[in-house]
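Dear colleague,

My findings follow directly after it.

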Amino acid sequence: MTRLRSRLRAEAGVPTSGFTISQLAILQRVLEGGPATAAAMAAAEHVSQQAIAQSVTALKAAGLVSGERDTNDARKVLISATDAGRELFASMLASRQAWLARAIDAVVAPEERAALEKAVDLLARLADADPRPADGR
């Protein structure tokens with residue numbers, strides 16, 4: 001899994017993008033989840049608000065995100081992706097998906113495709129699992 005994840009990142013252009021994985025995770029979070037505060041992103045990413053602030057600063061400087069006051073609570077700033085952020089992320093995603101499609105076509109035989117689909121489903125279920133006991137410990 002680690003090797004495949006690293007390869008997918010490389011094929012998407014993550015190492016050459018000039019952005020860290022953490023910065024790109026923040027961009028992805030606001031693209032998929034909509035505008036968010038630094039506090040909400042910190043909680044979701046399991047990092048400090050200071051770490052989020054540093055990443056957001058770099059993303060703002062690159063023009064990939066912007067911040068606007070929350071209309072419901074002017075003390076909060078909502079971070080959103082800009083058009084440039086959407087374009088960068090879409091380009092990286094397209095590169096990754098194109099490589100994966102080519103790799104599957106080259107390596108996975110037609111009779112193996114059903115097994116691959118089952119494996120992908122199983123891995124998705126594992127990623128979504130919450131194996132904590134019922135008492136929450």
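Residues 24 or more positions apart account for 50% of the contacts in the protein that have a separation of 6 or more, where contact means heavy atoms within 4.5 Å. Please note that this is a predicted model, in which local features need pLDDT of at least 70 and side-chain atom pairs count only at pLDDT 80 or more, while totals for chains, interfaces and linings use all residues. Residues are numbered from 1 along each chain as its sequence is written, and side-chain values use heavy atoms, with hydrogens and water left out.

Overall architecture

The protein contains seven helices and two strands, and its elements follow the order α-α-α-α-α-β-β-α-α from the N terminus. Helices (H or I, at least four residues) and strands (E, at least two) are DSSP runs, numbered from the N terminus. The radius of gyration of the protein is 18 Å, whereas a compact globule of 137 residues would have one near 14 Å; the radius is taken over C-alpha atoms, and the globule rule is 2.2 Å times the number of residues to the power 0.38. The C-alpha trace spans about 55 × 45 × 25 Å along its principal axes.

Surface and charge

Of the 137 residues in the protein, 23% are buried. Here buried means under 20% relative accessible area, exposed over 50%, and partly exposed in between (1.4 Å probe, protein chains only). The protein exposes about 9,500 Å², and carbon and sulfur atoms supply 55% of this area; accessible areas come from the Shrake-Rupley method with a 1.4 Å probe, and for residues only the protein chains shown count as cover. The mean positions of the 17 positive and 16 negative charges lie 5 Å apart. Lys and Arg count as positive and Asp and Glu as negative, with His and the chain ends not counted; each charge is placed at NZ of Lys, CZ of Arg, CG of Asp or CD of Glu.

The nonpolar core

The largest nonpolar core has 19 residues, of which Leu27, Met41, Val56 and Val65 touch the most other members. Helix H3 (21-33), H4, H5, strand E2 (77-81) and helix H6 (83-107) are the elements that give two or more residues to this core. H3 gives the most, with four residues. Such a core is a set of buried Ala, Val, Leu, Ile, Met, Phe, Trp, Tyr and Cys residues joined through side-chain atoms within 4.5 Å. Setting aside its neighbours within four places in sequence, Leu27 is in contact with Leu59, Leu64, Val65, Ala81, Gly85, Leu88 and Phe89.

Individual residues

Ser17 is placed in helix H2 (residues 14-17) and is partly exposed, with a relative accessible area of 21%. Not counting residues up to four places away in sequence, Ser17 touches Leu24 and Met92. Ser17 and Leu27 are ten residues apart in sequence, and their C-alpha atoms are 13 Å apart.

Gly34 is found in the loop between H3 and H4 and is buried, at a relative accessible area of 19%. Beyond residues up to four places away in sequence, Gly34 touches Arg29 and Ile79.

His46 occupies the loop between helix H4 (38-45) and helix H5 (49-61). Its phi is near 60°, a positive value in a residue other than glycine. His46 is exposed, with a relative accessible area of 73%.

Ser66 belongs to strand E1 (residues 65-69) and counts as partly exposed at 26% relative accessibility. Residues up to four places away in sequence not being counted, Ser66 touches Lys60, Leu78, Ile79, Ser80 and Thr82. Ser66 and Val77 are eleven residues apart in sequence, with a C-alpha to C-alpha distance of 9.5 Å.

With kind regards
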